[in-house]
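Open the model in your viewer and keep the selection tool ready. This tour goes stop by stop: what to select, then what to look for.

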Amino acid sequence: MESLLVTQAINVVYEVLILAVLVLGLAVVMGLLNVLNIAHGEFVMLGAYTAYTVQKAGFPYLAAVPAAAVVCGVIGLLVERFLIRPLRYDPFETLLATWGLGLLLRKLVELVFGRGFRSVDIPIGGSVSIFGEAYPTYRLVLMAIAVVVVVALFVWYARAATGARIRAMVGNPVLAEAVGIRTRQLARNTFVAGTAWAGIAGVMIAPLTPVEPFMGLTLIVNSFFALVVGGMGTVTGLFAGSTIIGGLQSVLSASVSPTTAYLAMLILSILFLWQRPRGLFPRP
Amino acid sequence: MGSFLVRNGLILALLVLVPTFVGEFWAYQLGLYFLYALAAMGVGLTWGQAGILPLGQGMFVALSAYTAAYGLSGIGTSPLAFVVIPAAALGVALFGFLFSTVVFRGHSDRGPSFSLITLALTLAAFQIATTWSSVTGGFNGLRNIPGLPGLDGFLDLYYLIAVVLGLSIAFVDYLLRAPLGALWRAIADNERRLAFLGYDVAALKAVAFAVACWLAGLAGALYAPQQNLVTPDLAGFAFSGDLVIFAAVGGRATVLGPVIGAIVVGVLSAELRDRFPWWEIVIALFFIVVVLRLPGGLMTLFAPLERLRLARGQTPRASRAPDKPRAAAPLSVGFEDVRVRMGDVTILDGLSVKTGDEAVLCLIGPNGAGKTSALNVMTGALPKRGGRILIDGVDVLRPEPAAVARSGVGRKFQTPSVFPKLTIDENLAIALWSGRWRGFDLLRPSLFGWTTPLLDEMRRRFGFLGSGGKAASDLSHGERQILELTMALITEPRLLLLDEPCAGLSHEETAQVIDAIQWARQSLNLRIIIIEHDMELVRRLADRVVVLHQGRFLADGSVEEVQGNPDVRAVYVGGSR
């Protein structure tokens, strides 16, 4: 019984961390740049298909990481140039444009790979015994990577000069430009970093989920509402949102039903959107 | 009126005649796209007019469809079945009205949060529709829904749907030409200005949303007997997204745009989906192009036809607007120890000041003294942290822009705030209606002809106000200042707040504006509070000058008294006190 509880607890932590990884790219794009990229889930989906292709071609799974980053980064670059920048990074307009983009990417992938599920083999098999219960190694590895990445990002954003430049640009773009920050390139690089990371996140989760053209939709819903609840533009908000949404989903799914978990998340998000649209820990 | 009947009569006739041209099979198919068109028209109305994008209209279609399915199955072949359709739509409209009132009330941000709430709602509705099998039939939905009694043939229901669509087009067309339509466009243009003219913006938005839900409800209620089947797909986010795409592709700003969008995309999809797998990519690309470059959608192609429109440029007959019920005395304001903070910055630090017998009070003080903030906190644009604000001797706990405006406060902002996309006439009309419309006035197009002696006088003084068909965005900065001043004046306020009314005006314009202010003060019996830096202007206008400094009252008196005050000198010139 106790060991079961431990497994459950690890599962909750796992769900939260995976959500944090998925939210990360969106947090960069939406939280920092105010671009409501509703096609973000499609970038994760593209990353997952890249992983599938790389694995099918017989390359080592790790090769999928740079491949997905390049695929999604290049597409992100094009999207920034031809969609986001012409719309002046306006939240409302980009929401609409990326809505169309999501449709486009889903259909393109459907055309190339078909509608069916693809499965990606787990690159690190086996399991580790924790308090007598076997737990899949790959999941533990993923959790470790997630922690490292999020903490590294936190430190980098707080300390590195680029982090300061991004904060300056977000706080006051005109002034930032005036003190010599090339806001155009910086915004572009930030956007591309967000989409590239979405691709990497896709590689990470691909072995654990059915890979299909519509997988991005469910992912975007959770990530999006995690940001809404947590608050945009802060690392604390990212953590808080992922913990609340991921934790709620995981606990309610296990104890009641996945439907209840999903509805509870939606209701919570509606309450936040209505009463506290900037979330728990918004950017000041 | 004549042109309205001709236009909509033609559309209705065309819709009814379609089966003769395309045959029964296509007419049946078209019936379904007409239903989509109904719902898309609602999206066009809220999004294209009022600027509120609903991302979950499918939920309202589904709600009505399930209701109608139960109603029709329960009633069977009794003629009462025909009551089910409007009843289901009305229920949905009422629900939409209540829901949106709750959401809009007290939230004036134009961000995407309402859109996202509707999106989350439709996701929840889909989940409920799929899992609550005992009621909704689960994933497979409700089957074998009876048709409407007497409408058994393939085509019978088509005619009903065509008539409903034709009448709905006429209904929406009428609304958009009525004063209500102008107010919706004003919301999209400048919500704050509308509130400061005394309009209940949340209610106006909720009415727009309720009309959209009524249309979605009609679509859903007719969908049930048309398809004899209702599935959760209607509540799915893809269908809600399709409705947005129909409206965008067709042209969201027009009545017919969403209808054309739904029919064109619907028919082409049905024809091409199987034969041409790239088809949906074409739709997605076109949607992106619309967002990027072509906000008018397909309707842009028909724009040249506007010139052929019957009775174009016809102006309604001028008529005298009803008098505004108005207390005779000017409105008095008192600040008692009012405090305002934003974050760590103290903006008003215990400001106490009261209006007296003077007609024109000039508020001066160095930058950051809290002059504009004082007006903001009094009109509800800034929250106060302490102290009391007395309007006409009544302690107003939480001032709201619209309520303050209705109590007789007119405000002109520092940077001109008008409705840029509306015409000069519409700008003036909206200001004039404020506080004068009663009951169903907002549905009467004759309101566009309203005028008052005050408005006539302002038009005489400022010639450009006469070229009424011009968009306000085409005016120069100075003209916009004067337009906004006129809008504030013709509401016949008992207290007029002017924030640097002559900033950016030419020498001549300044003289004209001062003249107009002097005239208004004599003919209207109102109080005017002016924020001004230009001491020349202050000297000419002020009965009393109040000086603020660092969020506090510093001195008051006549211009000479204030200028002689050593404290005031110290603040302006520096030096020791």
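Two strands pair if DSSP finds at least two bridges between them. Helices (H or I, at least four residues) and strands (E, at least two) are DSSP runs, numbered from the N terminus. This is a predicted model, in which local features need pLDDT of at least 70 and side-chain atom pairs count only at pLDDT 80 or more, while totals for chains, interfaces and linings use all residues. Residues are numbered from 1 along each chain as its sequence is written, and chains are lettered from A and ligands numbered from 1 in the order in which they are written.

**Stop 1: strand 11 of chain B**

Select residues 544-549 of chain B, which are strand 11. Five of its six residues are buried. Here a residue is buried if 20 or more other C-beta atoms lie within 10 Å of its own, exposed if 12 or fewer, and partly exposed in between, with C-beta atoms placed from the backbone.

Four bridges join strand 4 of chain B to strand 11 of chain B, and the two run parallel. Pick B:L363: its bridge partner in strand 11 is B:V546.

Strand 12 pairs with strand 11 of chain B in the antiparallel sense, over five bridges. B:V546 has a bridge partner in strand 12 as well, B:D556.

Strands 11 and 12 of chain B form a hairpin with two residues between them. Zoom in on B:Q550 in that turn. Its phi is near 50°, a positive value in a residue other than glycine. Most residues other than glycine have a negative phi. Is B:Q550 buried or partly exposed? B:Q550 counts as partly exposed because 15 other C-beta atoms lie within 10 Å.

**Stop 2**

Strand 2 (residues 333-342) of chain B is joined to strand 3 by seven bridges. For one pair, click B:V340 and then B:L348, its bridge partner in strand 3.

**Stop 3: helix 8 of chain B**

Select residues 201-227 of chain B. Helix 8 of chain B is mostly covered, with 25 of its 27 residues buried.

Colour by pLDDT, the predictor's confidence in each residue, from 0 to 100. Among the elements of chain B, helix 8 has the highest mean pLDDT (94) and helix 20 (residues 566-573) the lowest (81). The mean for chain B is 87, and 96% of its residues reach 70 or more.

Step on to B:N228, which follows helix 8 of chain B. B:N228 is in the loop between helix 8 and helix 9 (237-250) of chain B. Its phi is near 55°, positive in a residue other than glycine. B:N228 counts as partly exposed, with 15 C-beta neighbours inside 10 Å.

**Stop 4: B:P19**

B:P19 is found in helix 1 (residues 2-49) of chain B. B:P19 is buried, with 20 other C-beta atoms within 10 Å. Two residues are in contact if their C-beta atoms, placed from the backbone, lie within 7 Å. Leaving aside neighbours within four places in sequence, B:P19 is in contact with B:E24, B:A27, B:L155 and B:Y158.

**Stop 5**

Show chain A. It has eleven helices and two strands. Its C-alpha trace spans about 60 × 45 × 35 Å along its principal axes. Of its 284 residues, 46% count as buried.

Finally, show both chains. How many residues of chain A are in contact with chain B? There are 28, in contact with 22 residues of chain B. Helix 4 (91-113) and helix 11 (258-275) of chain A each supply at least two residues of that side of chain A. Helix 4 of chain A gives the most, with 14 residues. The predictor gives the complex an ipTM of 0.89 and a pTM of 0.90.
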